[in-house]
Amino acid sequence: MQSTATLVVIGAGIVGCSTTYHLTKLGWKNIVVVEQGPLFATGGSTSHAPGLVFQTNSSKTMTKLAQYTIELYSQLSTDEGPAFYPVGGVEVAYTEERMAELQRKLGWAKSWGVEGACLLTPAEVKAKVPLVNEAKLLGGYYVPTDGIAKALRAAEAMANCAKEAGAAEFYGHTTVMDIEVVNGQVQAVVTDKGRIETDKVLVCAGIWGPRIGRMVGEVIPLTPVQHQYVKTAPIPELAGMTEEVTYPMVRHQDHAMYFRQHGDCWGIGSYQHEPLLLDPDNILPYAEAPVMPSVRPFTEEHFGPAWESTKELFPALEGAELTYKINGMFSFTPDSGSVVGESSKAKGFWVAEAVWVTHGGGVGKIVSELMTTGVPSLDIHEMDINRFSDVCKSADYITRAGAQQYDEVYDIIHPLDQQTHSRQLRVSPFYPRLQALGAQFIFSAGWERPQWFEANADLLEQYAIPQRQGWEAKNWSPIQGAEHFATRAKAALYDLTPFAKFELTGPGVVAYLQSLCANDIDKPVGKVIYTAMLAANGGIMCDLTVSRLGAEKYWVVTGGSVHGHDLAWMTAHLPEDGSVQIADISSSYCCLGLWGPKAPAVLQSVTQTDVSKPKFKFFTNQRLTIGNIPVLAVRVSYVGEEGWEIYAPTECGLKLWDTLWAAGQEHGLIAAGLGAFESLRLEKGFLFWGHDIHTEYDPYEAGLGFAVKPNKGDFIGKEALLQRQEYASRKLCFITLDNPAAIAMGKEPVIADGKVLGYVTSAGYGYSLGRCVVFAYLPLTYAQPGTQVSVEYFGKSLAATVVEKLL
């Protein structure tokens, strides 16, 4: 075995082989891949995966990864045959709700560019899959380019390419015992066959990932869950079928099942049973496993209902013998997303975990790009390793969340559906007051955040809120609209405590922030600067505010859901000379948004500091006292009304709330939730990172050029940004739906002249405008105000108009 390596990859399943293949294409050499099982039927999830590749996903990134995966697998083969069979995929509907969901899925397919996707009648489903019982169906959804991957062939073919290029060596039956880390940097991988000196490790160990992560103190939040898969003996209806697979694969999500052909046999996968979790530490070694480590004994008691569902949909299987039956393990994370990126616990410790065969090719590509240039070709915030807060990394949370993800894997999930486990993990000091006002909470990054307040129901007597029906009415209340109007008319308090807050200090802090930020942050003490931090490709990596509190002291404030993401980015770029320190002060300070035309009067009544506009200007900060509470008041607004973000020591939070609440009653002050927060920002054209902006978009096309100062000096992404500006082809547009009663909710295709121009990044009802607001990136030729487009919502074409501005 080699004693040194540029990189050690742990795991030779589909992800390890794919990443090694793509690193080879990018010129890497001296890669060592170690695998505890044999090559390439390693005994992990890849070894028993049925190989179904359905491309369409609610996530653009996951869809694009699946599209690329198919493109890649289609080019691979071994002596045993091809690695991919493009037989198509059909999803069937038993219920009206599922049929509507398939309409929504077709919208995603159009938005993300999935070619050939269409809806089918029951007869058309039958024509494609003759075994199906069409009488049970309302219809189906079909993608002709979906298909079956032979994962072991794909893994072996990619490994062979890397070996033939002289870039990598693969070692089977080699177990990782330890990873040496010195001063926060990976130094070596210790195996049972010897020590390999390296400063980079990539973990692609699948269900064993958490065990490897612990070696460096990193929590890889996944849990192995058993999933049942069976095959029939040959059946008469498939007699004479010699090809691996000819008919499209089928998903029957109303009964949590899927099916595929195996020559003259039929394969059946079931998620109908209760989640059967297994601790990664209890996975058997390869030598001790009866079949393989990732396969457990079949539990007959869990398959009965699934078998009945199978026979109902495929009557020809009545009486068929089941000759292959397993409980095979796959990885489930708390939010069902993959876990990708470099650990913040040890420099050089990279992770590509919880990746299924569907996305294996694509994830290998983006991980190789990330490790080579730092800039993947797709935005990957949904799978970022730093997205989970500490309270979402406990063993209890990971298993509970994994179980819910398994249980809901084929459910129809509304964007605002909430998890049913592990609540009240993080609450602000205002929580008792929020509860008393009847707050309806949602869960975000471990926090309980109010969506609306039942105490505001009487506002519905003052404000007429358009009613909703169906999908858009789910997890919604007209009270959100009333809170919106009350904020615009009077004043409201918003709990902003989940904001991530970082204090940056040191003699090098100005130069450091100047190198990270696109805007000029070298402003006088007391100034607040809105800025993006860019990736090397000019895309928007972070979107935040920077407040100067001293000559060598700044506060950086960003969204609570990107706490770990933004902190990791800033930490990774700290100067090595120690001239800058970052302190995470998020838990030390609570925050209230006090906004609305009456906000200045409310604040002035509880402080001796003059907060009028001449004395307290927009985008400035001041320290002052509210009652007895010392605060930092920052005059900014995400809702487009006058007011402040008010930061106070967390232990003073309850008194801060009570003081402002009492003072505000004569001014009509209410508490308001995220529902109003969202609709208010949409009306003002304010953007949301992860939706309207991220690393695929740059500030100029997003309309944020005002926050870019290219003449200030060099900063990360500047050169690429200026090139992108020169060759711009699209821009973020504000669009309103022509029908005041129509509503869109996001990710729908935007269409004109018979072609898809883009997709909805954000959408919501603008109560003050009296119509729905939509954001979308459109080609420049369609970006002029007055341009007529349509938004396809659940198959319905909604007329819409590009507008220059909103409110």
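**Close-up views of a predicted model**

**View 1. Gly560 lies in the loop that runs between β31 (553-558) and α14 (563-572).** The model shown here and in the other views is predicted. Is Gly560 buried or exposed? Its relative accessible area is 12%, and buried means under 20%, so Gly560 counts as buried. Leaving aside residues up to four places away in sequence, Gly560 touches Ala445, Pro498, Phe499 and Ala500.

**View 2. Six strands form an open sheet with mixed pairing.** Across the sheet the strands follow the order β11-β2-β1-β15-β24-β23. Which strands stand at the edges? They are β11 (168-171) and β23 (339-342); each has a single partner strand, so one side of each is left without a neighbour in the sheet. From one strand to the next the twist averages 15°. Within the sheet, β1 (residues 7-10) and β15 (residues 201-203) run parallel and are joined by three bridges. Val9 has Leu202 of β15 as its bridge partner. Strands of a sheet pair through backbone hydrogen bonds, in either a parallel or an antiparallel arrangement.

**View 3. Helix α9 (residues 357-373) packs on the six-stranded sheet.** The strands touched by α9 are β1, β15, β23 and β24 (349-353). The direction of α9 makes about 15° with that of β23.

**View 4. Helix α3 (residues 60-73) packs against α9.** The axes of the two helices are 7 Å apart and meet at an angle of about 95°. Angles of 65 to 115 degrees count as roughly perpendicular, and α3 and α9 are therefore placed in that class. On the α3 side, the contact is made by Met62, Leu65, Ala66, Tyr68, Thr69, Leu72 and Tyr73. On the α9 side, the residues are Val357, Thr358, His359, Gly360, Gly361, Gly362, Val363, Lys365 and Ile366. How do the residues of this contact divide into nonpolar, polar and charged? Nine are nonpolar, six are polar and one is charged.

**View 5. Strand β42 (residues 788-793) pairs with β39 and with β43.** Five of the six residues of β42 are buried, which leaves the strand mostly covered. Strand β39 (residues 749-752) runs antiparallel to β42, and two bridges join them. In this pair, Ile751 stands opposite Ser790 of β42. Strand β43 (residues 796-803) also pairs with β42 in the antiparallel sense, over six bridges. Here Gln788 stands opposite Thr801 of β43. A hairpin is formed by β42 and β43, with two residues between them. Phe794, in the turn of the hairpin, has a positive phi of about 50°.

View 6. The C-alpha trace spans about 85 × 65 × 50 Å along the principal axes. Among the 807 residues, 61% count as buried. Of the contacts in the chain with a separation of 6 or more, 71% come from residues 24 or more positions apart.

Notes:
Residues numbered from 1 in each chain as written. Predicted model: local features only at pLDDT ≥ 70, side-chain atom pairs only at ≥ 80, totals over all residues. Heavy atoms only, no water. Pairing = 2+ DSSP bridges. Helix = DSSP H or I, 4+ residues; strand = E, 2+ residues; numbered from the N terminus. Axes fitted to C-alpha atoms, helices over the stretch in contact; angles between N-to-C directions. Contact = heavy atoms within 4.5 Å. Parallel < 35°, antiparallel > 145°, perpendicular 65-115°, else oblique. Nonpolar A, V, L, I, M, F, W, Y, C, P; charged D, E, K, R; others polar. Buried < 20%, exposed > 50% of the residue type's maximum accessible area, 1.4 Å probe, protein only.
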